[in-house]
Amino acid sequence: MVNSRHDGADMTTMGPIAHTAARQSTTSETAPSGLAHEALIYGSDEELVDAVVPFVADGLARSEGIVVVMPPRKTALVREALGPDARAVEFCDRAEFYETPARAVARVHELGEQLVAEGASGMRTFGEVPYEASDTSDELGWVRYEAIVNRVFAAADQLSACAYDERVLPDWILDTAARTHHHLLTDGQRRPSDRYEDPAAVARRFAPPPPLPEGDPTFELEVGVDQLARIRHAIDDLSRSAGISPDRACELAVGLNEVVSNAVEHGSDYAKVRCWHEPDRLVCEVADDGPGFDDPFAGFSPPDSEELGRRGLWLARQCFDRVELQRRGRAGLLATMAASL
């Protein structure tokens, strides 16, 4: 699923985007204000192509920017079916676009602003989240992502269709499509999902477990607000010793620094930091004894919010591959971050 706007955005630059049928046999209708999030359940390449072609045609008729995010084989099929119209579509490789849920949100936001700046009346997207290329934790993360965008982009007057290939996806993932999308597109028909759920409930239920490190930590520190430089130097040294490029090491140092800063500024006077260097990843934990919070959407909104604490989590989610937050009993918060090597 992809979108282009964020909470609190100035909507005057976005023209109203219409709902469109995802099949030739259905007709367009005017969309209500707000995000229109639809799921296509399909069982053949022909069904997919028959959905994308009218979706693109309707968007072109409305002078909208159109983004299609699919694996290369399916992109080639869509390009061939669109013919000359394919030149007006922004095609994105799925593996690069859907790198992580948080980075996908950032890329959609940036792409949406770019398309509008170039003169598009708005943006519509057709994407296929990479469930089948993921492990269980990643699958849960992408289900949560579909719920998160319903909240993060709720104010966007935008149409977004998500493709679910029933030939390769398990039933439980197909079931979640009905819980995270306003409408379902099946057998040439578009209908409201009678199982759509509150995004917060879905985001909590499908939150992936935190990445669990193995063995003793490579280093362990307790730091206060005036000792943040120790953390930046420690993670930078650890990253470099793991063979990470200087630029990537700097990113991880920034991400960890943001989480620790939040812990000592908004949580408790000191934060406990532990990091592990494993063969294929780095894992970091930050624990504080503050009041904590319970917000499944924290750190997923683009960083123009006035909530500075959430801005740090946004940066951390961009820097690390995974960031999971857990309440620590009656008080405190535990943030667990992981980055592949």
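In strand β3, glutamate 90 is the bridge partner of valine 67. That pair belongs to the link between β2 (residues 65-70) and β3, a parallel pairing with five bridges. Helices (H or I, at least four residues) and strands (E, at least two) are DSSP runs here, numbered from the N terminus, and two strands pair if DSSP finds at least two bridges between them.

Before going on, some bookkeeping. This is a predicted model, where local features need pLDDT of at least 70 and side-chain atom pairs count only at pLDDT 80 or more, while totals for chains, interfaces and linings use all residues. Residues are numbered from 1 along each chain as its sequence is written, and side-chain values use heavy atoms, with hydrogens and water left out.

**The mixed sheet**

β2 and β3 sit in an open sheet of seven strands, ordered β3-β2-β4-β5-β1-β6-β7, with mixed pairing. Its edges are β3 (89-93) and β7 (189-192), each of which pairs on one side only. On average, neighbouring strands of this sheet are turned by 20° against each other, direction ignored. Axes are lines fitted to C-alpha atoms, for helices over the stretch in contact, and angles run from 0 to 180 degrees between N-to-C directions. Helix α2 (residues 72-82) lies across β1 (36-42), β2, β3 and β5 (159-165), and runs at about 165° to β3; contact means heavy atoms within 4.5 Å.

**The antiparallel sheet**

The other sheet to look at is open too, with five strands in the order β8-β9-β10-β12-β11 and antiparallel pairing. Here β8 (219-224) and β11 are the edge strands, each pairing on one side only.

Seven bridges hold β9 (residues 270-278) and β10 (residues 281-288) in an antiparallel pair, and lysine 272 has alanine 287 of β10 as its bridge partner. β11 and β12 are also antiparallel, over six bridges, with arginine 322 opposite alanine 338 of β12. Their hairpin has five residues between the strands, and glycine 329 takes a positive phi near 60° there.

α8 lies across β8, β9 and β10 at about 155° to β8, while α9 touches β8, β9, β10 and β12, its direction making about 15° with that of β10.

**Helix pairs**

The table puts the two pairs side by side.

| Helix pair | Angle | Axis separation |
|---|---|---|
| α8 (228-241) and α9 (246-267) | about 145° | 8 Å |
| α4 and α5 | about 40° | 10 Å |

The crossing of α8 and α9 is right-handed, and so is that of α4 and α5; a crossing is left-handed if the near helix is turned anticlockwise from the far one by less than a right angle, and right-handed if clockwise.

For α8 and α9, the residues that meet include Leu228, Ile231 and Ile235 in α8, and Ala253, Leu256 and Val260 in α9. That contact divides into eleven nonpolar, three polar and three charged residues. Pro101, Ala104 and Val105 of α4 touch Gly141, Trp142, Tyr145 and Val149 of α5, giving six nonpolar, one polar and no charged residues. Ala, Val, Leu, Ile, Met, Phe, Trp, Tyr, Cys and Pro count as nonpolar, Asp, Glu, Lys and Arg as charged, and the others, Gly among them, as polar.

**Pockets and a cavity**

On a 1 Å grid over the protein atoms alone, a cavity is a set of points where a 1.4 Å probe fits but cannot get out; a pocket is an open set with protein on both sides within 12 Å along at least five of seven lines, and lining residues have an atom within 4 Å of a point. Grid points are joined across faces, edges and corners, and a volume is the space filled by probe spheres set on the points.

The largest pocket has a volume of about 540 Å³. Its lining has 27 residues, and Glu99, Thr100, Asp138, Asp321 and Arg322 are the closest to its centre. α4 (101-117), α5 (136-152), β11 (322-327) and β12 (333-340) each supply at least two lining residues, and α5 gives the largest share, five. By class, this lining has twelve nonpolar, five polar and ten charged residues.

The second largest pocket holds about 320 Å³. β11 gives the most to its lining, with four residues. Searching the whole structure turns up one cavity of 30 Å³ or more, and residues lining the largest cavity include Glu128, Tyr131 and Asp165.
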